Amino acid sequence: MDTPVDNIRKHISAGKIAPVYYLHGEEGFFIDEALDLFAGYLPESDRPFNMFTFYASEKSPDDVMDICRRYPMMSDRLVVIVKEAQTAGGRWLNKLAPYVASPSTSTVLVVAARGENPACKEFINAVKKGSGVDIEFKKEKESNINAILVDFLNSRKLRYEPKALEMIREYVGTDLSRIYNEVAKMSVALGQGATVTPESVESLIGISTEYNNYELKRAIAGRDYVKAIKIAKHFTANQKNNPWVVTSLTLFDLFSSALVAYYTPGGDQNIAKALALRGTWQLSDILLCKAKYTPWQLIDIISLIRRFDARAKGNGSRQNAYMLQEELIMDILTSPGRRS
């Protein structure tokens, strides 16, 4: 899947670089990736006199504009990178408006701000007026993380087993920096062309191949009482490594997906498309769940998970979240459903 960074890379490769870039948003990983691209834009021999990188708090807007108006020395371009502009604030950015509205054609100014966009309407309008580029790096949706993880693995020329993919995803969550670092670590340890297996994930990342949400999901989907309760009790005994919030989300996704599968006409391809999955290979637990539970049971179980989530957060209950989780899993496995 293409990201804003991929688009910047294409522009640079095609020689269509803009005079000003404003990079901002919640997804810091991609902002860092974009900054690395700009940092490597000039040949190494041109950088000593034509590359300037600093934090916004270190320079005044006037200083930045003075640097940007210089002529490159024995190079076609001057590159100026301003990091952490959010710390300087919207007023600081707005003072750059006169320059970015009419930027030097021999300078590439890159301004990066993390988190919530500062109040800098004047600056943003000037960026657009001066043919600059305004890119917001939004926090990636939960549904996109698997695809990004696969892209990271592919970029490192690693193959993977579906269970290993689920284990990494479960352990790391949605933090792209952590996902990338874990994949990089496995790439170094396993080598290009290797297959990431559950065993390699266990040894390199530290996730149990037997007691994890992937195995719990499969046990509950297949109504394997003994295995599901055994995993639930392991989670209670090892709470730090098994956040109940992750388990709650995993179970909610399983049963809500199974309900969608029930009411999606056609074959597995249609179900995968309705659930925005990358392929039918991701359907195994969902289809197993669909076969083992009636629609009414699925509806009731989704309600049970919602109730558990509220109680675990202290709404209407002071019980330990993991004891409530064990109770939830037993209720799921014994759910009678409602009569139509």
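Which residue's side chain is joined to that of Glu-182 by a polar contact? I opened the predicted model with that in mind.

**Entry 1: Glu-182**

I looked for the partner and found Lys-185. The polar contact between the two side chains is 3.1 Å. Next I placed Glu-182 in the fold. It sits in helix α10, which runs over residues 176-190.

Is Glu-182 buried or exposed? I checked its relative accessible area, which is 12%. Buried means under 20%, so Glu-182 counts as buried.

Then I listed contacts, leaving aside neighbours within four places in sequence. Glu-182 touches Tyr-171, Val-172 and Ile-205.

**Entry 2: Nonpolar cores**

I turned to the nonpolar cores. The largest one has 42 residues. Leu-23, Phe-38, Phe-137 and Val-201 have the most contacts inside it.

I followed up on Val-201. Again I left aside neighbours within four places in sequence. Val-201 is in contact with Ala-164, Met-167, Ile-168, Met-186, Val-196, Gly-206 and Ile-207.

**Entry 3: The largest pocket**

What is the volume of the largest pocket? I read about 1300 Å³. Its lining has 45 residues. Nearest the centre lie Glu-142, Glu-166, Arg-169, Thr-250 and Asp-253.

Helix α14 gives the most, with nine residues.

I also sorted the lining by class. I found 17 nonpolar, 17 polar and eleven charged residues.

**Entry 4: Thr-247**

I stayed with helix α14 and picked Thr-247, which lies in it. Its relative accessible area is 1%. That is under 20%, so Thr-247 is buried.

Which residues does Thr-247 contact, leaving aside neighbours within four places in sequence? I found Asn-213, Leu-216, Phe-235 and Gln-325.

**Entry 5: The second largest pocket**

I moved on to the second largest pocket. Its volume is about 190 Å³. Eleven residues line it. Closest to its centre are Asp-6, Phe-30, Glu-33, Asp-151 and Phe-152.

Helices α1 (4-13), α2 (28-39) and α8 each give two or more residues to this lining. I noted that α8 gives the most, with four residues.

By class, I counted five nonpolar, two polar and four charged residues in the lining of the second largest pocket.

**Entry 6: The cavity**

How many cavities of 30 Å³ or more does the structure hold? I found one. The largest cavity has a volume of about 80 Å³.

I wrote down its lining: Leu-304, Arg-307, Phe-308, Arg-311, Leu-324, Glu-327, Leu-328 and Asp-331. Two elements give two or more residues to this lining, α17 (295-312) and α18 (321-333).

Last, I sorted the cavity lining by class. Four residues are nonpolar and four are charged. None is polar.

Conventions
Residues numbered from 1 in each chain as written. Predicted model: local features only at pLDDT ≥ 70, side-chain atom pairs only at ≥ 80, totals over all residues. Heavy atoms only, no water. Buried < 20%, exposed > 50% of the residue type's maximum accessible area, 1.4 Å probe, protein only. Polar contact = N/O pair within 3.5 Å; in protein donor to acceptor, adjacent residues only side chain to side chain. Contact = heavy atoms within 4.5 Å. Core = buried A, V, L, I, M, F, W, Y, C linked by side-chain atoms within 4.5 Å. 1 Å grid on protein atoms, 1.4 Å probe; cavity = no way out; pocket = protein on both sides within 12 Å on 5 of 7 lines; lining within 4 Å. Points joined across faces, edges and corners; volume = space filled by probe spheres on them. Nonpolar A, V, L, I, M, F, W, Y, C, P; charged D, E, K, R; others polar.
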